[in-house]
Every structure is written in structure tokens, then in C-alpha cells.
Amino acid sequence: MTSNSRRVGLIVPSSNVTVETELPRLLRRVDGVEFSFHSSRMRMHAVTPEQLRAMNAQRERCVLEIGDAQTDVLLYACLVAVMAMGAGEHRDAELRIAEQLALGGSDTKVLSSAGALVRVLSDLAAKRVALVMPYTESVARTVVEYLEAEGFTITGWRALGVADNAEVGCIPGETVLAAARELDLSDSDSLVISCCVQMPSLDLVQPAEEEFGLPVLSAATAGAYSILRGLGLPVDLPGAGSLLRADANVQV
């Protein structure tokens, strides 16, 4: 591996196809660094509490597989699977994964989509947050409660009611934008237009930010931001919202 190469490990639900598309699209915009992506999959078809628990039970196998690839960073890329385990779970999950990798001699930087979203909102100093989610109402409430436990006020949210994870990956962008337009954003300081790494949204972030006049992010852009921060690389990616231009005016 050359000095300007970075390996990104992803642990994803077996039915997820979006995060492995959107993250490479984003990180290809980094000047002077070549990224490769290496995934391990956990069986999951429906976004239900039962299947999320069963999926999380496969984590250790996936960590072992990714450990063999000797990645520089690892993203546990299912936001709701972590949040469904209870308040603050991203800290425990990331710690346990790092401990498991360390037993094999790896110092891989460990992140999760849930933790990435929490940390990004904190970095933005966002206190009042609006959400668009693909989930059923009961699963969506889990996400709302998790973020509230982290100290954020959820000013409004929309759940599209899709339980089949494969169908989540096919939700049209206009459906997502229409849900965002139903929200009263006048008292919000940020909008998470896709609170799920499987719901496609990358092409919506910049136009939505221009339309709504506030920072707009997604689980994918939060993941990209956290990966770059974790690797000590500048965050300056065009066309995906102000979050990913955080270092645009920083002189290196």
C-alpha cells in the first residue's frame, strides 16, 4: 500500500447497496489520496427489532474478516442497528470492535454510522435537528429517542414507513425531498435528509441545503466526514453540503 493510499473497511447489512456506492463517490473527491473499500456483510432483510438484533449478533465474525484486510479505518455501517440497542450504544460498540481488532494486533480506527451522526451534529453545534428516515414509525421513534438522549432536540421528523431494506435502497429522491418539505424547518439548525446509510440521498444534500437555507447532511456524508477526521485528512469535498467543506478555507 502506497503512502497516499487508505483502506476503508465497511460492515454492512447484506441487503445494503447504497453505502458502498455513496462513500466511494464522496471519497474519490479527495485530492491526492486513493481509497479502496473492503466489506463484510451481516444477514438482514427487514428493518425490524428482531432482525436488527440478529444482525448485530454477527458482528464479531465480520470484524474478524475485516481485520484480515488490515484496513486503516472501519465503519460499522448500519445506523439504526446500533441505536436500537439503547442509548449511547455507539460508544460501547465502537470500543468493543476496537478491542477485538486490537487482540489481532490492529490499530484500525473504528467508527459507526450512529456515532458519526452524533459527532457530526456536535461538531456543527447543532442543537435543534430535523430528520427524514425510511423506517416504520416505531423504528423511527428509536432513532429520535437515541438522539434526544444525546442532548439534541428533534424539531420534526418524517418516517416513510419502509421495512424491507432492499426497498429502502430504491426510494426515489423526490420522495425523500417531499418528506423534507413537509417539515417546518424554521426553528431547526440542521436537517438530516437521510438518517440511514441505505436510503439514497447523496445527490439531494447540496440542492436541499440551497433550498432550505440550513446545513443538510446524511448518514453517508456524516460517515465520510468522520472517516476523513479519523484519518487526519482535510475535510474539503465539493458538491455534498457545507459539512464536507469544513476545511475549505484552512491553509495547509
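The questions and answers below concern a predicted model.

Residues are numbered from 1 along each chain as its sequence is written. Local features need pLDDT of at least 70 and side-chain atom pairs count only at pLDDT 80 or more, while totals for chains, interfaces and linings use all residues; side-chain values use heavy atoms, with hydrogens and water left out.

Me: Which strands stand at the edges of the open sheet of four strands?
Reply: The order is E2-E1-E3-E4, with parallel pairing (strands are DSSP runs of E, at least two residues, and helices of H or I, at least four, numbered from the N terminus; a pair needs at least two DSSP bridges). An edge strand has a single partner strand, so one side is left without a neighbour in the sheet. The edge strands are E2 (34–42) and E4 (109–112).

Me: How many bridges join E1 to E2?
Reply: E1 and E2 run parallel. The number of bridges is nine.

Me: Is Asn 16 buried or exposed?
Reply: Asn 16 lies in the loop between strand E1 (5–13) and helix H1 (19–27). Its relative accessible area is 1%, and buried means under 20%, exposed over 50%, partly exposed in between (1.4 Å probe, protein chains only). Therefore Asn 16 is buried.

Me: How many residues of helix H6 (residues 113–123) are buried?
Reply: Helix H6 is mostly covered. Among its buried residues are Ser 113, Leu 117 and Leu 121.
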